[in-house]
Amino acid sequence: MKVKIYTDGAARGNPDGPGGYGAVLEYVDTKGELHTKELSQGYKKTTNNRMELMAVIAGLEALNRPCEVELYSDSQYVVNAFNQHWISGWIKKGWKRGKNEPVKNVDLWKRLLKAKERHQVKFIWVRGHDGHPQNERCDALATGAADGGNLIEDVVSES
């Protein structure tokens with residue numbers, strides 16, 4: 001099955017810290033009907049980059065069988081992690097980078113690797129606010145999910 005996942009991690013909306021994360025899955029079933037599934041989490045005090053990772057993980061973990069996934073994110077941090085092989089380099093260095101500096105968010109990177117291993121994932125970076133139609137979809141769907149009051153339980157551990 002082919003699935004599009006639109007993600008957003010939002011550092012806004014909360015006077016005490018960053019906003020929330022949102023991921024929306026969009027797929028066509030065997031009858032040709034379009035479906036969406038919204039995954040969102042309300043305001044948490046954490047970094048924007050961590051929000052982006054949480055959105056991606058929530059989307060991938062929600063898939064209960066192997067899928068072909070197109071993942072749309074306006075986070076250069078997330079997309080470049082795969083395009084520039086950050087993660088494979090970090091693993092070889094024992095999750096260190098540069099001059100033995102520890103990599104941030106190792107718990108989430110490891111969870112992301114596990115979440116994506118069952119799927120064929122194509123990461124697509126859609127630059128924010130440049131009029132790209134897929135970024136408009138991220139804004140309309142995932143940002144709406146992140147900002148909305150219709151929240152699910154936090155599916156991502158903070159360990």
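**Reading the model**

Guide: Let us begin with the surface. The accessible surface of the chain comes to about 8600 Å², and 48% of that belongs to carbon and sulfur atoms. Please keep in mind that this is a predicted model.

Visitor: How many helices and strands does the chain have, and what pattern do they follow along the sequence?

Guide: There are five helices and seven strands. Read along the sequence, they follow the pattern β-β-β-α-β-α-α-β-β-α-β-α.

Visitor: What share of the residues in the chain is buried?

Guide: A residue counts as buried when its relative accessible area is under 20%. Of the 159 residues in the chain, 43% are buried. Among contacts between residues at least 6 apart in sequence, 67% join residues at least 24 apart.

Visitor: In what order do the strands of the sheet lie?

Guide: The open sheet is formed by five strands in the order β3-β2-β1-β4-β7, with mixed pairing. Strands β3 and β7 (120–125) are the edges, each pairing on one side only. On average, neighbouring strands of this sheet are turned by 20° against each other, direction ignored. Helix α1 (residues 48–61) packs on the sheet and touches β1, β2, β3, β4 (68–73) and β7. The direction of α1 makes about 155° with that of β1.

Visitor: Where do the side chains of a strand point?

Guide: In a regular strand the side chains alternate between the two faces of the sheet. As for cover, β2 (residues 21–28) has six of its eight residues buried.

Visitor: How many residues lie between the strands in the hairpin of β2 and β3, and which residue there takes a positive phi?

Guide: Five residues lie between the strands, and Gly32 takes a positive phi near 85°.

Visitor: Why is α2 described as largely enclosed?

Guide: Six of the eight residues of α2 are buried, so the helix is largely enclosed by the rest of the structure. These are Tyr77, Val78, Val79, Asn80, Ala81 and Phe82. They pack against α1, β4, α3, α4 and β7.

Visitor: Which residues of α4 are buried, and what covers them?

Guide: In α4 (residues 106–116), the buried residues are Val106, Leu108, Trp109, Leu112 and Ala115. Their cover includes α1, α2 (76–83) and α3.

Visitor: Is Ile87 buried or exposed?

Guide: The percentage is compared with the cut-off of 20%. Ile87 counts as buried because its relative accessibility is 4%. This residue is found in helix α3 (residues 86–92). Leaving aside neighbours within four places in sequence, Ile87 is in contact with Ala81, Phe82, Trp95, Trp109 and Leu113. Ile87 and Trp109 are 22 residues apart along the chain, and their C-alpha atoms are separated by 7.7 Å.

Visitor: How does one read a buried residue in a loop, such as Asn105?

Guide: One asks what its side chain meets. Asn105 lies in the loop between β6 (101–102) and α4. With a relative accessibility of 16%, Asn105 counts as buried. Its side chain makes a polar contact of 3.0 Å with the side chain of Arg50. Not counting residues up to four places away in sequence, Asn105 touches Arg50, Leu53 and Tyr77.

Visitor: Where is His119 found, and what does it touch?

Guide: His119 is in the loop between α4 and β7, and at 8% relative accessibility His119 counts as buried. A polar atom of the His119 side chain lies 3.1 Å from the backbone nitrogen of Cys67. Not counting residues up to four places away in sequence, His119 touches Leu60, Leu63, Arg65, Pro66, Cys67 and Val69.

Note on methods:
Residues numbered from 1 in each chain as written. Predicted model: local features only at pLDDT ≥ 70, side-chain atom pairs only at ≥ 80, totals over all residues. Heavy atoms only, no water. Buried < 20%, exposed > 50% of the residue type's maximum accessible area, 1.4 Å probe, protein only. Helix = DSSP H or I, 4+ residues; strand = E, 2+ residues; numbered from the N terminus. Pairing = 2+ DSSP bridges. Contact = heavy atoms within 4.5 Å. Axes fitted to C-alpha atoms, helices over the stretch in contact; angles between N-to-C directions. Polar contact = N/O pair within 3.5 Å; in protein donor to acceptor, adjacent residues only side chain to side chain. Areas by Shrake-Rupley, 256 points an atom, 1.4 Å probe, with all protein chains shown as cover.
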